[in-house]
Amino acid sequence: MAENLNYADSYAQSLVTLWDENLYFKALYASKNNGRFRWSGGKAVQISNITTGGRVDADRDTIDTAQRNYDNNWETKNLTHHRKWSTLIHPLDIDQTNYALNIENITRAYNVNEKFPEMDAYMVSKLFTDWNAIEGNTADATALNEGNILEVFDSMMKKMNEARVPFHGRILYVTPDAMNLIKNAEQLSHTLDVRDSKNGISRTVSSIDGVEIVMVPSVLMQSAYNFENGWEKAEGATQIQMMLVHPDAVIAPISYQFAQLDPPGAFTEGKYIYFEESCEDVFIINSKASAIQFATGEIA
């Protein structure tokens, strides 16, 4: 019966639809690694890192003493990003706005304008911070222009190639300014799609050398944010122009999620109350840190 419907269930289903439309780093949040760890209690997750010895010469005439030729180390990550959001809703607000201020519309606006952008901001800034904390990692700070942007991209790709990062699956996240440079790069051979001139000419660049390109607003490609109330660019933050990443280098565990809408009652003074909470985080798998590269140079 409709009166027994738990709205949180319907809300979760709507959330999936909004996710694909509004989360720029959705491929990283959906990393296959999210099913490859174990909870070690509390807010800690452990990632298995198995290593083995190599092959040696053999012959037909002797038998060596067998011994264990593998090891397993647990890489521990502690979740620290604990967030919540709530609101009261007066029934008259719903009725007198012709249902414009119903819970679905309010939470939709919250997701699109606050929650999803915050998740994107947290993803890129957390990866940048953790990656820079690893000894030897330095973002490419070359001032970018149409004449060198592909050279910078090639340099990022070469570092991954040397580290044996799989080619398939790499994603290049870029700001709109960087995308414009790529579209007009001097080294790029342009092919215009004019098969249907009635519908105009397509100048879309969706990949380079088979690497998918995802354009992200500049405000969501900063090195640091203030998450005290929602999200905003932190003072002194660096503009990230490009991030080349393989999703297998990232893990985005969620230890707790809760969402519920309570009906009006005496305790809420006749108002609906909506509340949601989650404990989540984003980490780089240490052994795969080479599968992330950054470029932070100014646009010339």
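Predicted model: local features only at pLDDT ≥ 70, side-chain atom pairs only at ≥ 80, totals over all residues.
Tutor: In the protein, residues 24 or more positions apart account for 76% of the contacts with a separation of 6 or more.

Student: How many helices and strands does the protein have?

Tutor: Six helices and 15 strands.

Student: What percentage of the residues is buried?

Tutor: 38% of the 300 residues.

Student: And what does the accessible surface come to?

Tutor: About 17900 Å². Carbon and sulfur atoms hold 48% of that surface.

Student: Let's do the open sheet. In what order do its strands come?

Tutor: The order is E6-E7-E5-E10-E15, five strands with mixed pairing.

Student: Which strands stand at the edges?

Tutor: E6 (207-208) and E15 (292-295). Each has a single partner strand, so one side of each lacks a neighbour in the sheet.

Student: What holds paired strands together in general?

Tutor: Strands of a sheet pair through backbone hydrogen bonds, parallel or antiparallel.

Student: Do E6 and E7 run parallel or antiparallel?

Tutor: Antiparallel, with two bridges joining E6 to E7 (residues 211-215). Isoleucine 208 stands opposite valine 211 of E7.

Student: Which strands does helix H5 touch?

Tutor: H5 (residues 149-162) packs on the sheet and touches E5 (171-174), E6, E7, E10 and E15. Its direction makes about 30° with that of E10.

Student: What about H4, where does that lie?

Tutor: Helix H4 (residues 103-132) lies across E10 (242-245) and E15. H4 runs at about 100° to E15.

Student: Now the loops. Where is arginine 164 found?

Tutor: In the loop between H5 and E5. Arginine 164 has a positive phi of about 60°, although it is not a glycine.

Student: Is arginine 164 buried or exposed?

Tutor: Exposed, because its relative accessible area is 75%, and the cut-off for exposed is over 50%.

Student: What about the loop between E6 and E7, which residue is found there?

Tutor: Aspartate 209 is in that loop. Aspartate 209 has a positive phi of about 50° and is not a glycine. At 57% relative accessibility, it counts as exposed.

Student: New topic. Which strand does asparagine 226 lie in?

Tutor: E8, residues 225-226. Asparagine 226 is partly exposed, at 28% relative accessibility.

Student: What does its side chain reach?

Tutor: The side chain of asparagine 226 reaches the backbone nitrogen of glutamate 228 at 2.8 Å. Leaving aside neighbours within four places in sequence, asparagine 226 is in contact with Trp231, Glu232, Lys233 and Ala234.

Student: And how far is its C-alpha from that of glutamate 118?

Tutor: The two C-alpha atoms are separated by 10.0 Å, with the residues 108 apart along the chain.

Technical notes:
Residues numbered from 1 in each chain as written. Heavy atoms only, no water. Pairing = 2+ DSSP bridges. Helix = DSSP H or I, 4+ residues; strand = E, 2+ residues; numbered from the N terminus. Contact = heavy atoms within 4.5 Å. Axes fitted to C-alpha atoms, helices over the stretch in contact; angles between N-to-C directions. Buried < 20%, exposed > 50% of the residue type's maximum accessible area, 1.4 Å probe, protein only. Areas by Shrake-Rupley, 256 points an atom, 1.4 Å probe, with all protein chains shown as cover. Polar contact = N/O pair within 3.5 Å; in protein donor to acceptor, adjacent residues only side chain to side chain.
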